[in-house]
Amino acid sequence: MTTTPLNNPQPLSGWGRAMTSVANFVPAHHPEEMSQYIRSAGSRGVLARGLGRSYGDAAQSGGATVFDMTTFNNFTLNPENMTVTADAGASIDSILREIVPLGFFVPVTAGTRIITVGGAIAADIHGKNHHLDGSFGAHVLEITLIDGLGDIRVLTPASPEFWATIGGMGLTGVIVSATFTVIPIQSSYISVDTERGKDLDDVMSRMIERDDEYKYSVAWIDSVATSGRGVITRGDHATLEECRLDGVAHPQDYDPKKIATAPGLVPSGLLNRWSVRAFNEAWYRKHPTHRVGELQGIGGFFHPLDGVQEWNRIYGPKGFLQYQFQVPDSAGYLVELSLRKLREVGTLSFLTVLKRFGPGNDGMLSFPQAGWTLAVDVPAGVPALGRALDELDALVAAEGGRLYLAKDSRQSPSMFARTYPRLDEWREIRNRLDPNHVFVSDLSRRLAI
Amino acid sequence: MMDALGEPQSVLVLGGTSEIALATIKCLPRQRLRRVLLAGRPSPALDTAVTELQAMNIAGVESIEFDAKNTDSHGAIIDAAFDVSDIDLVILAFGVLGDQMDAEADPRHAVEIATVNYTGAVSAGLHVARRLRNQGHGALVVLSSVAGDRARRSNYVYGSTKAGLDAFAQGLDAALAGTGAHVLIVRPGMVRTKMTTHLPEAPMTTDPEDVAKVIVSALRKGKSTVYAPGPLRFVMAGLKILPKQVFRKLPS
């Protein structure tokens with residue numbers, strides 16, 4: 001086999017920084033140009049990459065041509081239809097900066113706004129409103145996609161190709177642009193109710209009882225305390241009246257700023273038993289037992305970590321991984337069991353987030369389904385971690401749950417195939433869209449997708 | 001590719017009967033292993049190696065025909081291995097110790113040692129490097145030896161082939177910088193294997209399992225050269241600067 005040298009070799013890794021491969025990294029400018037690359041793709045294939053916030057290896061592909069979609073980033077708001085039409089590389093951050101002051105908000109936002117529209121669709125991201133509004137894909141009206149033959153297709157929710165692309169991790173083609181709905185808001189504030197749960201049972205039953213009264217809901221769990229105590233924050237977009245009563249002078253202003261940047265070189269031991277313990281304790285204590293109607297800005301409520309740029313560096317050179325699973329209500333016990341198991345192997349999670357999902361959508365590889373989802377950050381260097389997570393995987397699979405591909409960096413191919421029952425259906429459509437399997441990622445190779 | 005916890009999915013051993021390589025495979029995390037290729041000349045020993053790994057429930061173990069001396073065949077064999085799927089870890093483990101006295105008496109024997117240990121390794125190493133560069137990730141472990149650090153009367157033909165191989169591997173690692181692939185050079189001291197059963201034991205002699213542990217740990221840390229056992233690094237640093245008159249008086 002002859003091999004051609006890459007013209008712009010670039011090491012690429014996910015947000016967890018635990019796996020790196022080198023690809024030919026090409027700025028995306030024009031769909032026709034991308035089509036050319038796809039038509040002349042070599043054996044290593046092509047992949048689109050957004051802002052690189054997926055934790056594992058979803059947005060990298062060793063030896064492939066990887067499009068840097070962030071250079072392809074225009075968007076327009078259509079206030080009459082309440083839609084945004086955006087290039088795939090447009091970031092949710094840039095869209096919010098434009099539309100929030102005009103009284104609109106994205107239908108779904110993840111825990112970070114530093115993601116692209118293309119990535120939001122490919123991972124079918126979910127947010128704090130999943131229990132009511134579903135994931136991002138449920139609000140997409142149209143996707144323009146370049147398929148594996150380099151042809152441009154316009155997909156709508158009426159076609160199976162659309163639902164293969166929602167949550168399809170960029171493996172059905174390059175998403176070029178999309179139209180999605182936005183929601184009207186009166187202010188850039190969220191009226192937040194906070195309550196503490198004294199243990200995990202308490203937190204979970206409070207969520208079951210009253211989540212539906214709020215548009216947004218999430219719980220942070222103290223992973224260090226054996227009780228599994230936590231803080232539930234729930235809220236709704238604040239009305240102008242609420243802002244006025246609270247003395248907010250400019251309720252529609254929106255200007256999130258970065259607070260700090262994590263230092264470039266962090267020793268491996270910085271996040272240790274003591275610092276994580278102290279953080280968890282402080283986080284729990286910082287929240288009142290019960291507080292109602294506190295106004296928080298959009299940034300502080302939805303994207304607290306975006307205030308610290310490159311916070312992923314705090315895990316040091318070995319990187320970290322995020323374990324996020326989803327199980328039906330009947331398997332809620334796995335939340336407690338998994339936290340206990342991780343404590344037993346000595347991994348302490350810096351940030352542990354629990355959330356109730358509403359029903360899933362038609363996305364064949366879309367992650368959310370009704371029930372619970374738990375996300376745990378763990379440093380990659382812990383020796384017994386692999387085995388413990390494999391054991392958890394088996395329990396999650398047995399209960400009909402699954403792992404989030406945008407977070408995964410270690411599950412086995414059989415775990416993946418077993419827990420995504422619509423995989424064969426998805427493969428059939430992928431084979432139609434991309435008969436030569438031009439679109440490959442390190443994730444798709446690792447999991448034999 | 002190796003996952004976030006350093007678990008490899010696929011391994012290629014060039015020199016499939018190497019005890020150090022086999023011990024390394026047994027020592028690797030194997031939850032994700034699904035392809036292990038043992039490349040070597042067809043022999044009962046190679047078959048045994050395959051059965052042994054299969055008996056340990058390692059998935060996808062198979063042997064492929066490979067002759068270090070037949071350098072013309074290397075490209076096709078290595079391509080065939082990589083064409084099936086990416087290979088996360090390649091262990092370049094073939095080599096012969098030979099007999100110093102035989103080599104001096106019959107230089108054809110010296111040429112044989114040099115052809116396997118150096119020429120064959122250069123050829124296979126370059127083919128592997130081409131494919132690792134192409135896939136944008138992966139590690140090549142090269143089994144060098146402390147014998148290459150300073151030539152000794154008792155085994156300088158073997159030592160010189162390892163010195164050459166070592167220098168080659170250092171350069172190859174430099175050439176692979178920025179490609180996602182890297183080279184790990186392993187310099188074991190004397191190891192208790194079939195290669196050395198007839199020899200008197202030197203100080204700091206280890207077992208293949210010890211070398212395997214050193215290799216797996218070095219891979220996890222992303223090191224580029226490692227001695228086995230580790231402290232040999234300092235012993236060899238001392239031996240290298242020892243005056244010739246003193247060095248030659250050391251027991252061989």
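Reader: Before we start, what should I know about numbering and confidence?
Author: Residues are numbered from 1 along each chain as its sequence is written, while chains are lettered from A and ligands numbered from 1 in the order in which they are written. Since this is a predicted model, local features need pLDDT of at least 70 and side-chain atom pairs count only at pLDDT 80 or more, whereas totals for chains, interfaces and linings use all residues.

Reader: OK, how is chain A divided?
Author: Chain A has domain 1 (71-185) and domain 2 (189-409), with bounds that come from an automatic or database domain assignment. The centres of these domains of chain A, taken over C-alpha atoms, are separated by 23 Å.

Reader: Changing topic, how much of chain A is buried?
Author: Buried residues make up 54% of its 449 residues, and a residue is buried if 20 or more other C-beta atoms lie within 10 Å of its own, with C-beta atoms placed from the backbone.

Reader: What does its C-alpha trace span?
Author: Along its principal axes, the C-alpha trace of chain A spans about 65 × 55 × 45 Å.

Reader: Last one, what goes into the contact of chain A with chain B?
Author: That contact takes 27 residues from chain A and 20 residues from chain B.

Note on methods
Two residues are in contact if their C-beta atoms, placed from the backbone, lie within 7 Å. A residue is buried if 20 or more other C-beta atoms lie within 10 Å of its own, exposed if 12 or fewer, and partly exposed in between; C-beta atoms are placed from the backbone.
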